[in-house]
Amino acid sequence: MSRLYGKWRVEDFREVIRGLDEKTGMNGASLSICAVKAMGKNGNTLGSYRPRKDASWGYFSFSLMYFDDNKFDDLDAIDVIRHEYCHYLVDALGLNEVFHDQSVHGIAWKTACGLLNTDQSATYHGCFYPRATDDSFMNAYVSDDIQPVNILEQIDRWGLNLPSIKRRKRLEKSLIRKYTKLRVFKAGDSVFHDKLGYGKVLDTFPSDKKQLLYVEFEQGDVRIVQNRKVYKVINGDVKRPVSKAV
Ligand SMILES: [Zn+2]
């Protein structure tokens, strides 16, 4: 598919939401999506998510004043959809209760944004992203820039200070400088621990000094271990780093 500048249709909104659902395991694409002529005072609202109430389902609305405008950048368009999707996540997962914060664009919503590579500001300020290319558009359209995430499980595991995708990347880069690539892990990596044996990394949590790994070991234990306690296993070989200093 080529870029959509000014030609967004309900099915495109749904397709983007479906891609996000695939990363979160949620079902936002089953909700109603309205494409409306204009929203808000002076038409300055780009989209909205109406939370579920009593017996009625939540639903998404998007303003064609923007989505039908061929100068409205496609990456901004996708960010608007993600912005509303994060409101949906907060509503569907009860994140306001989890974070003890009822504000609309507060820490609960920002955490969801951080995990879904979404701008964490409440208002649209235009030109936030570089102009969409076919590649960057397609990448965002199918959510290829987002890791699969189970927000509640992650909160349960790591607490409420989940790093955003941006921060995660920055931390991982500095960890690689500190430890080398062999000692910094990602989900799916095979690892070996001297006491616990072989295992598979299910999730990672970087900080500025170390990386915590959530590992499922072959003997059945699931443990949180530090990156410096395990070695990567590549093609069956345990890669113990060779010390540079002798
Ligand atoms: Zn909002």
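Visitor: Which domains does the domain assignment of the chain give?

Guide: This is a predicted model. The assignment divides the chain into domain 1, covering 2-149, and domain 2, covering 168-238. Between the C-alpha centres of domain 1 and domain 2 there are 33 Å.

Visitor: In what order do the strands of the 3-strand sheet lie?

Guide: Strands of a sheet pair through backbone hydrogen bonds, and the pairing may be parallel or antiparallel. In this structure, the 3 strands follow the order S1-S3-S2 in an open sheet with mixed pairing. Strand S1 (32-36) and strand S2 (47-50) are the edge strands, each pairing on one side only. On average, neighbouring strands of this sheet are turned by 15° against each other, direction ignored.

Visitor: In which sense do S1 and S3 pair, parallel or antiparallel?

Guide: Strand S3 spans residues 59-63 and pairs with S1 in the parallel sense, over 5 bridges.

Visitor: Which strands does H3 lie across?

Guide: H3 lies across S2 and S3, and runs at about 15° to S2.

Visitor: At what angle do H3 and H5 pack?

Guide: Helix H3 comprises residues 74-93 and helix H5 residues 107-115; their packing angle is about 120°, and their axes are 9 Å apart. H3 is therefore oblique to H5. The crossing of these two helices is right-handed. On the H3 side, the contact is made by Cys-86, His-87, Leu-89 and Val-90, and on the H5 side by Ala-108, Trp-109, Ala-112 and Cys-113. By class, the residues of this contact comprise 7 nonpolar, 1 polar and no charged.

Visitor: How do the axes of H3 and H6 cross?

Guide: Helix H6 covers residues 134-141, and its axis comes within 10 Å of that of H3, with a crossing of roughly 10°. Angles under 35 degrees count as roughly parallel, so H3 is described as roughly parallel to H6. Here Asp-74, Leu-75 and Ile-78 of H3 meet Ser-136, Phe-137, Ala-140 and Tyr-141 of H6. The residues of the contact of H3 with H6 are divided into 5 nonpolar, 1 polar and 1 charged.

Visitor: What is the strand order of the 6-strand sheet?

Guide: That open sheet has the order S7-S6-S5-S4-S8-S9, and its pairing is antiparallel. Its edges are strand S7 (222-226) and strand S9 (237-239), each of which pairs on one side only. Neighbouring strands here are turned by 45° against each other on average, again with direction ignored.

Visitor: How many residues lie between S4 and S5 in their hairpin?

Guide: The hairpin of S4 and S5 has 3 residues between its strands. Strand S4 (residues 190-193) pairs with strand S5 (residues 197-206) in the antiparallel sense over 4 bridges. Within this pairing, Val-191 stands opposite Gly-199 of S5.

Visitor: How many bridges join S5 to S6?

Guide: There are 7 bridges between S5 and strand S6 (residues 211-217), and the two strands run antiparallel. Val-201 stands opposite Val-215 in S6. A hairpin of 4 residues joins S5 to S6.

Technical notes: Residues are numbered from 1 along each chain as its sequence is written. This is a predicted model: local features need pLDDT of at least 70, side-chain atom pairs count only at pLDDT 80 or more; totals for chains, interfaces and linings use all residues. Domain bounds come from an automatic or database domain assignment. Axes are lines fitted to C-alpha atoms, for helices over the stretch in contact, and angles run from 0 to 180 degrees between N-to-C directions. Angles under 35 degrees count as roughly parallel, over 145 as roughly antiparallel, 65 to 115 as roughly perpendicular and the rest as oblique. A crossing is left-handed if the near helix is turned anticlockwise from the far one by less than a right angle, and right-handed if clockwise. Two residues are in contact if their C-beta atoms, placed from the backbone, lie within 7 Å. Ala, Val, Leu, Ile, Met, Phe, Trp, Tyr, Cys and Pro count as nonpolar, Asp, Glu, Lys and Arg as charged, and the others, Gly among them, as polar. Two strands pair if DSSP finds at least two bridges between them.
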